[in-house]
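Keep the structure open while you read.

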Amino acid sequence: MSASSSFFSAISPAELEARLRLHLLPELGPRRFRKLLSAFDSASAALSAPASAWRALGLPAACAEPRRSAEIRERARAALLWLEAADQHVLMWDDPSYPALLAELADAPPLLFVAGEPGVLEVPQLAMVGSRRASQPGLDNARAFARSLAGGGFVITSGLALGIDGAAHQGALDGGGKTVAVLGTGLQCLYPRRHVGLAARIIEQGGALVSELPLDCPPQASNFPRRNRIISGLSLGVLVVEASPSSGSLITARLAAEQGREVYAIPGSIHHPGARGCHQLIRDGATLVESIEHILEALRGWQTPGGQQASAAQPDAEQHPLLMLLHAAPHSSEALARSSGWPLAQVLAALTELELDGLVCCEGGRWLARGP
């Protein structure tokens, strides 16, 4: 079995199967799961206890009745089969390899299914979230920040949704970094389907897909807000890239603040609805972020030893063709495209990264090189 931590040498196959069965019961959330294990000492004992004992703990009949059903047994067997694959795992909340930051939550998931590399969950993570219907500048910012932060040694954690989430995962991968996707579905029901290829790349590049939900759980609207506490709970801080006031990203930011995590927000135009959620967060005390340094300054010392900060890469950036043109004279984006021979879209993407690294700025519609 690939649930490979030392914890599983202490847990019997019967107890693992019993926990998987408990986990499948309706209306049995993290707190009730823990209450059962605390009362009966094991999932096996909880399953064999009389219904009256469950009632005495305040658990509803809908929760207790199906525990011996053939359907629950069969779904637990299917989960055990899934766990036989080399890169498919389950982490328990009392497992020594369970992510330490997530374990601090009062409602930490009792079971965490992981496809990919579970060790990545112990590396310092930064969450990046935002609108599903993001603007192109918002998507560009998400990709550029994720790329730079991944280069700074952080794992980028997000929710695999369309929009900002997908751009954040993509940016981390493009920068050669690792990323974690926390799903609002079971790991056998990847959603949205448009991101199936992205999910495969996340695993191939040493990252992980994570879900607290049963493997066969389909998309359900109520599960997506619930998974936000895991995104923030795994992370040192949450960066909101673009969000309307009604965006679910603000739930993640609120949970992060409640969990004692840092909250960062990128400001935008006062005329853009997608900036209003970020502006609200900034008014409420989130750190206003204009460059990657605003995040790295607050979290220095958390980078992994192999990670390079964006500033460490700046000497090489001096040889950047656009930077060399700008050291000669200020240029508009269009003039840079003409002089470099690059497509305008490529120029704009490169300028965004250079700006995030503090190497260029835009004044009066023209780009200038900063520093020496």
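Leu160 sits in the loop between strand 4 (155-158) and helix 9 (164-174). The model is a predicted one. In it, Leu160 has a positive phi of about 65 degrees, although it is not a glycine. Most residues other than glycine have a negative phi. Is Leu160 buried or exposed? Its relative accessibility is 0%, so Leu160 counts as buried.

Asp41 lies in the loop between helix 2 and helix 3. Its relative accessibility is 71%, and because the cut-off for exposed is over 50%, Asp41 counts as exposed.

Another backbone feature belongs to a proline. Most peptide bonds are trans. The bond that joins Tyr191 and Pro192 is cis, with omega about 0 degrees. Pro192 is found in the loop between strand 5 (179-182) and helix 10.

Now turn to the interior. In soluble globular proteins, nonpolar side chains tend to be buried together. The largest nonpolar core here has 41 residues. Which of them touch the most other members? They are Leu20, Leu22, Trp54 and Leu209. Several elements give two or more residues to this core, among them helix 1 (13-24), helix 2 (30-40), helix 3 (43-48) and helix 6 (70-82). Strand 1 (88-92), strand 2 (111-116) and helix 10 (196-204) are also on that list. A second core of 30 residues is separate, and its members include Leu91, Val182, Ala208 and Ala286.

Beyond residues up to four places away in sequence, Leu22 touches Leu28, Phe33, Leu36, Leu37, Ala43, Ala46, Leu47 and Trp54. 

What does Arg21 contact, leaving aside its neighbours within four places in sequence? The contacts are Leu47, Arg67, Arg68, Ile72, Arg73 and Ala76. Glu17 is found in helix 1 as well. With a relative accessible area of 18%, Glu17 is buried, because the cut-off is under 20%. Glu17 touches Ala76 and Leu80, again not counting residues up to four places away.

Strands of a sheet pair through backbone hydrogen bonds, either parallel or antiparallel.

In helix 13 (residues 276-283), the buried residues include Gly277, Cys278, His279 and Leu281. Strand 7 (237-240), helix 12 (249-258) and strand 8 (262-265) are among the elements that cover them. After helix 13 comes Gly285, with a positive phi near 115 degrees.

Just after helix 17, Gly341 takes a positive phi of about 80 degrees.

Helix 18 leads on to the largest pocket, where this helix gives the most to the lining, with six residues. How much space lies in that pocket? The volume is about 720 Å³. Of the 33 lining residues, Pro137, Asn141, Ile266, Thr352 and Glu355 are the closest to the centre. Helix 8 (136-151), helix 18 (344-356) and strand 10 (360-363) are the elements that give two or more residues to the lining. By class, the lining has 14 nonpolar, 12 polar and seven charged residues.

Technical notes. Residues numbered from 1 in each chain as written. Predicted model: local features only at pLDDT ≥ 70, side-chain atom pairs only at ≥ 80, totals over all residues. Heavy atoms only, no water. Core = buried A, V, L, I, M, F, W, Y, C linked by side-chain atoms within 4.5 Å. Buried < 20%, exposed > 50% of the residue type's maximum accessible area, 1.4 Å probe, protein only. Helix = DSSP H or I, 4+ residues; strand = E, 2+ residues; numbered from the N terminus. Contact = heavy atoms within 4.5 Å. 1 Å grid on protein atoms, 1.4 Å probe; cavity = no way out; pocket = protein on both sides within 12 Å on 5 of 7 lines; lining within 4 Å. Points joined across faces, edges and corners; volume = space filled by probe spheres on them. Nonpolar A, V, L, I, M, F, W, Y, C, P; charged D, E, K, R; others polar.
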